[in-house]
Structures are given as structure tokens and as C-alpha cells.
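Subject: The structure I promised you

Hi there,

Here is the structure I said I would pass on. Please open it next to this email, and then read on for what turned up.

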Amino acid sequence: NKYLNKYKNDYKLRYKISLLSSILFNIMYATFKLISGIIFKSIWFITFALYYLLLIILRISIAKQELSKETKLKDEYIKYRFVAIILLFTNVILTMIILVIVNQKIMNIYPSWIAISIAVYTFYLLTSSIYNLLKYHKYKSPLISASKVINVITSLVSLISLEIVLIPTFGIEQVEFFEIMIMATGGGVALVIIIISLYMIINSTEWLNNSHE
């Protein structure tokens, strides 16, 4: 089948399909979070949904440039650095969300199907995002790398979201334990995002400074 052969042999086509399907899944998950937040009157559900929407908008902006037939490497690095700067900004928002949750001691018990749905999506996203980051790294494309980095960060944020659901629903309803776990996980994720973002900024800036295009 010529279409299957093209899909098998054309990594750019495979990547575009992967990109669009990933964006679609992220939109569905953000919508799920938003609707769940409205139904269960959960402020943090709605807040996380809005955070995911910010990341989705960022990914769509990358996708528009990736799907363009003529994209210069210099433009890719400029976009790569822009994404890193935006990620630092969104990291501030994420930190504020975590502080609000801990400060207000938000421990809501949700139906088990909500927790299971979030757990399945989180582990799927974490596994696939790390796999794709390593898989497409060999192509040395700043745009592809930026897109995959956003996926990894989305999966890390989902871990925080999962923890906030699992501890009250299936775990120990102790506020102190909840606060320690959320602060530890949230702080770790925030630190990882800062390190990744700074690496992207430094790497892209060095390339742009040495570029003669």
C-alpha cells in the first residue's frame, strides 16, 4: 500500500500525524478537566485546565510553523528560545497554583473513575512524551524538540494533578502529609521546568550568536 509505505518511510509525515493527534488528545484532556471542575465545583481542576490550555496554545503556535514548507533553521531557533521564555512564565503560574492549593488546604475527594482516568492519561502521556523526545532528538530540529519538551512538561504537571486527586481519594486524609507531598512534587517539577527552559535559552542563544545566516 503506497500510503502505508509513505507513512513508514517519511518521518516528517509520521511526526505531523503524531503532532496533530497529540494536540487533539491534550485538548480533550483539558476539556475533561474543565468540565469536571465545573461539575464538582473544583477551583483547582479549572485552574489546571486553563494551564493546559496555555500549553496547548503554545504547541499550536509551534505546529503552525512546523507545518510550513519553508522554515529556516534560524527561525526555528528563535521560536525555540521563545518557547523557553514562555515556559518560564507558565512555571510562575504553576508555582502560584501549587501555593494556593497548599495554603488553602484543598483536599477534595472525587469519584474513583475520575482518579483512574487521570492516572491512565498521566502514565500514558509520561511514557509517550519521554519516548518521543528521545526518538525525535536525532533529527536535530529545534521545533520538534520544543514540541516534545512541552509534552514532557505537560506530563510532569499531570503528575501533580494526579497526586492531588489520589491522596485524598485513596490515601490518607492528613493535611500535613498532603502539604508535604504536593510541595515536594510541585517544587521538583518547577525546578525541572526551570532547568529545561534555561538550557533551551542558553543553547538557542549560543547558536544564534554564532550563526551567520
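In which helix is the place of Ile98? Ile98 sits in helix α4. Before I go further, please keep in mind that this is a predicted model.

**Helix α4 and what comes after**

Ile98 has a relative accessibility of 5%, so it counts as buried. If you go looking for Asn203 from there, you will find it 105 residues away in sequence, with 29 Å between the two C-alpha atoms. The helix that holds Ile98, α4, covers residues 73-103 and has 31 residues. From its first C-alpha to its last, α4 reaches 45 Å, which is close to the 45 Å expected at 1.5 Å a residue. After α4 comes Lys105, with a positive phi near 55 degrees.

**The loop between α2 and α3**

Another lysine to look at is Lys41, in the loop that joins α2 (11-39) to α3. Its phi is positive too, at about 55 degrees, although Lys41 is not a glycine. Is Lys41 buried or exposed? With a relative accessible area of 74%, Lys41 is exposed.

Phe40 belongs to the loop between α2 and α3 as well. At a relative accessible area of 32%, Phe40 is partly exposed. Phe40 and Ile180 are 140 residues apart in sequence, and their C-alpha atoms are 25 Å apart in space.

Back in helix α2 you will find Tyr15, which counts as buried at 4% relative accessibility. Tyr15 and Glu66 are 51 residues apart in sequence, yet the distance from C-alpha to C-alpha is 9.9 Å.

**Aromatic rings**

I think you will enjoy this part. The count comes to 11 aromatic pairs. In one of them, the rings of Phe48 and Tyr52 have centres 6.4 Å apart and planes at 40 degrees, so this pair is tilted. Both residues belong to helix α3 (residues 43-66), and because they are four residues apart there, about one helical turn separates them. Phe48 has 0% relative accessibility and therefore counts as buried. Tyr52 is buried as well, with a relative accessible area of 3%.

Tyr52 also pairs with Tyr51: their ring centres are 6.5 Å apart and their planes stand at 65 degrees, so this pair is edge-to-face. Tyr51 is buried, like Tyr52.

Which residues do ring pairs link into a cluster? The cluster is made up of Tyr29, Phe32, Phe48, Tyr51, Tyr52, Trp113 and Tyr121.

With its 25 residues, α5 reaches 36 Å from its first C-alpha to its last, close to the 36 Å expected at 1.5 Å a residue. How does α5 sit against its partner α6, and at what angle do the two pack? Helix α5 (residues 112-136) and helix α6 (residues 142-170) pack at an angle of about 155 degrees, and their axes are 8 Å apart. Angles over 145 degrees count as roughly antiparallel, and that makes α5 roughly antiparallel to α6. The crossing in which α5 passes α6 is left-handed. As for the residues of this contact, 19 are nonpolar, 10 are polar and one is charged.

If you have time for a first look, I would start with the rings around Tyr52, in its pairs with Phe48 and Tyr51, and then turn to the contact of α5 with α6.

Note on methods:
Residues numbered from 1 in each chain as written. Predicted model: local features only at pLDDT ≥ 70, side-chain atom pairs only at ≥ 80, totals over all residues. Heavy atoms only, no water. Axes fitted to C-alpha atoms, helices over the stretch in contact; angles between N-to-C directions. Parallel < 35°, antiparallel > 145°, perpendicular 65-115°, else oblique. Left-handed = near helix turned anticlockwise from the far one by under 90°. Nonpolar A, V, L, I, M, F, W, Y, C, P; charged D, E, K, R; others polar. Expected span 1.5 Å × (residues − 1). Phe/Tyr/Trp six-rings, centres within 6.5 Å; stacked < 30°, edge-to-face > 60°. Buried < 20%, exposed > 50% of the residue type's maximum accessible area, 1.4 Å probe, protein only.
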